[in-house]
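Subject: Structure for you to look at

Hello,

Here is the structure I promised to send. Please open it alongside this email.

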Amino acid sequence: MNNIEVEVRSLISKEKYDELFDFFKKNADFVNEDSQETHYFDSKDDIRIQKNKKSAKVWMKKGNIHDNFREEKEIIFEKNDFEVLEKIFISLGLKVKIKWFRKRYVFNWDNIKVCLDNTKGYGYILELEIMSNNSEKEKALVILNNKMSELKISPTTKEEFSEKFKYYEENWKDLI
């Protein structure tokens, strides 16, 4: 079962974002463009709800937020269910700790999911992802790191992402 998300990410400049967008338009299959609103809850596991142009979802990721490997489970709902999902989690005693608003472009590049994100108040991110199983996750990570090298981009360290995320977590209401 491929329920392990393997990903590498990098914080990028607006110029690099534009350059990569042009590159992927020419060299990858365009999957979709989306506007997303995501609410992160203050829970033991990473539990989130999201609505986008077409649907809503709730998902949970095990492990630390910027790990390369995380078990992921999600359930898709009707877009109109987003507010109901939020009320359910709040009634269970969870609080929204962050709201995240982003514009995302998704491409398929050599069987790799590529996400180019522009997140309000946070910045531009390139994310390469493969869904894998536990026994193949290291191999998938090598593939992703090789693709980042091919793009001449270094993955941003977990420490830098954690620092930026912590700053956003403490200031998101002002940043958006």
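Below are my notes on its cores and its aromatic rings.

One caution: this is a predicted model.

Start with the cores. The largest nonpolar core has 25 residues. Leu-20, Phe-24, Phe-107, Val-114, Leu-116, Leu-126 and Leu-128 touch the most other members. Strands S1 (4–12), S6 (96–109), S7 (112–119) and S8 (123–132) each supply at least two residues of this core, as do helices H1 (14–27) and H3 (137–150).

Leu-116 deserves a click. Leaving out residues up to four places away in sequence, its contacts include Ile-12, Leu-20, Phe-24, Phe-107 and Leu-126. Leu-116 also touches Lys-103 and Arg-104. Tyr-17 is on that list too.

Now the rings. There are 15 aromatic pairs. In one of them, the rings of Tyr-17 and Tyr-124 have centres 4.8 Å apart and planes at 50°, so the pair is tilted. Tyr-17 sits in helix H1 and Tyr-124 in strand S8, so the pair ties together parts 107 residues apart in sequence. Tyr-17 is buried, at 7% relative accessible area.

Phe-21, Phe-23, Phe-24, Phe-30, Tyr-105, Phe-107 and Trp-109 form one aromatic cluster. Trp-109 also has a lysine over its face: Lys-147, at 4.4 Å from the ring centre. Trp-59 has Lys-57 over its face, at 4.1 Å from the ring centre.

Best wishes

Conventions: Residues numbered from 1 in each chain as written. Predicted model: local features only at pLDDT ≥ 70, side-chain atom pairs only at ≥ 80, totals over all residues. Heavy atoms only, no water. Core = buried A, V, L, I, M, F, W, Y, C linked by side-chain atoms within 4.5 Å. Buried < 20%, exposed > 50% of the residue type's maximum accessible area, 1.4 Å probe, protein only. Helix = DSSP H or I, 4+ residues; strand = E, 2+ residues; numbered from the N terminus. Contact = heavy atoms within 4.5 Å. Phe/Tyr/Trp six-rings, centres within 6.5 Å; stacked < 30°, edge-to-face > 60°. Lys NZ or Arg CZ within 6 Å of the ring centre and 35° of its normal.
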